[in-house]
Amino acid sequence: MDSVRIFDTTLRDGEQSPGFSMNTEEKIRMARQLAALGVDVIEAGFPISSRGDLEAVQQVAREVRTVPIAALARAKKQDVNAAIEALEPAAAPRLHIFLATSDLHLRVKLNMTREQALEAISSMIRLGRNHVGEVEFSAEDAGRTDIGFLCQVCQVAVDAGATVLNLPDTVGYAVPDEYGAMFEQVRAHLDDPQGITLSAHCHDDLGLAVANSLAAVRAGVRQIECTVNGIGERAGNAALEEIAVALAVRKESFGVTTNIKLDELFHSSRMLSEITGAAVAPNKAVVGANAFAHEAGIHQDGIIKNPLTYEIISPETVGVPSRSFVLGKHSGRNALKVALRNLGYEPSEEELAECYRRVTTLADEAKQVRPRDLVAIAHEVMRRRPTTVAAEASSAA
Ligand code: KIV
Ligand code: ZN
């Protein structure tokens, strides 16, 4: 089966967004975890942006030897030289050069003609290739670039020595079929070149970053750029954990594998939250607190009978310690029975009915029933102690 490389940009695109900046020590800690997670490339920073960022990339490159390290540079001499300096200690360096190619960016932001853009792309990739074995080129705002010009850009980049062509949806404007079609046209134009990897890089302004990345895979893309917890500019980048799990759960459909160790996903997510102080939303796919929590009685009953009824991934698969049944007003008797059993109680049918009545009454007032509320109810209704010592300990906690 073909494999898709995961290019992680948590430490660059993720880090450059508000509230997510990391110091060198934090970048190294996160980079080690990304290596344990099995990403194929770690983009460690944008060295021209500050001396601190340049040194952080160097430090990451010194500390993490098993994964290629990338550094970003605009198609400008001083950027490329800074990135080359930052990558100097890397075991497997990748220089990542970008230039915006949409007419809007060329005219308004860069004040450049298309010809000047082609010249800058070619000369900066050639400069990079003189120092670094692997050069990736990104056509910033590719999603809004005239397709004919984009094909020309890609040809120039390949001719200059780039071996990875990244076509970002920089502003999160694309929709899946359009984004996939763009890659198909570029691939056809380049005549399906051997040795060139096409790469997707999507932002989530319309909530489509993951869907667009997956559409790109269907169109032959074999590198996806993404971030842990989907952090990144504005609405964020495509979420690494969602892409890795989607490709694994729907492997038959996509026909590709990744090197991601799925059971490291939850730990990676929590580590990033701890470092940045930004918690993930409870309903976030794969790593959110509710991703494996069940409150509705019908769902709880189904899960007790067979988890496949309401879970397409098991919590253990992605490193979540366990699923949880939340006792609330939507909960059912079966889940209550399991919760009581976990606390060491074996209620009779009447006792269960009375506990259920009290739990739902309390849930109506308090929204959720905490473990200690349940213990209190069980004590009152059953007027006896739990049957196991372990249960007593957990109820005391
Ligand atoms: O979104 C984008 O276009 C980027 C490039 C610099 C790769 O982050
Ligand atoms: Zn980006």
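Angles under 35 degrees count as roughly parallel, over 145 as roughly antiparallel, 65 to 115 as roughly perpendicular, and the rest as oblique. Keep that handy for the helix pairs on this tour.

First, some housekeeping. This is a predicted model, in which local features need pLDDT of at least 70 and side-chain atom pairs count only at pLDDT 80 or more, while totals for chains, interfaces and linings use all residues. Residues are numbered from 1 along each chain as its sequence is written, chains are lettered from A and ligands numbered from 1 in the order in which they are written, and side-chain values use heavy atoms, with hydrogens and water left out.

**Stop 1: colour by confidence.** The pLDDT (the predictor's confidence in each residue, from 0 to 100) averages 94 over the chain, and 96% of the residues score at least 70. Now select 393-397: here the pLDDT is below 50, and the stretch has four contacts beyond near neighbours in sequence (contact means heavy atoms within 4.5 Å). Where pLDDT is low, the predicted coordinates should not be read in detail.

**Stop 2: the two domains.** Select 2-276 for domain 1 and 293-387 for domain 2; the bounds come from an automatic or database domain assignment. Their centres, taken over C-alpha atoms, are 45 Å apart. Six residues of domain 1 and eight residues of domain 2 make the contact. About 510 Å² is buried between them, with carbon and sulfur atoms giving 76%; that is accessible area (1.4 Å probe) lost on putting the two parts together, summed over both.

**Stop 3: α14 and α16.** Helices here are DSSP runs (H or I, at least four residues), numbered from the N terminus. Show 333-342 (α14) and 371-382 (α16): the axes are 11 Å apart at about 90°, with each axis fitted to C-alpha atoms over the stretch in contact and angles running from 0 to 180 degrees between N-to-C directions. The pair is therefore roughly perpendicular.

**Stop 4: α2 and α12.** Which way do α2 and α12 run relative to each other? Select 24-37 and 265-276: the angle is about 170°, with axes 10 Å apart, so they are roughly antiparallel. Residues in this contact include R29 and M30 of α2 and M271 and E274 of α12.

Definitions and conventions. Helices (H or I, at least four residues) and strands (E, at least two) are DSSP runs, numbered from the N terminus.
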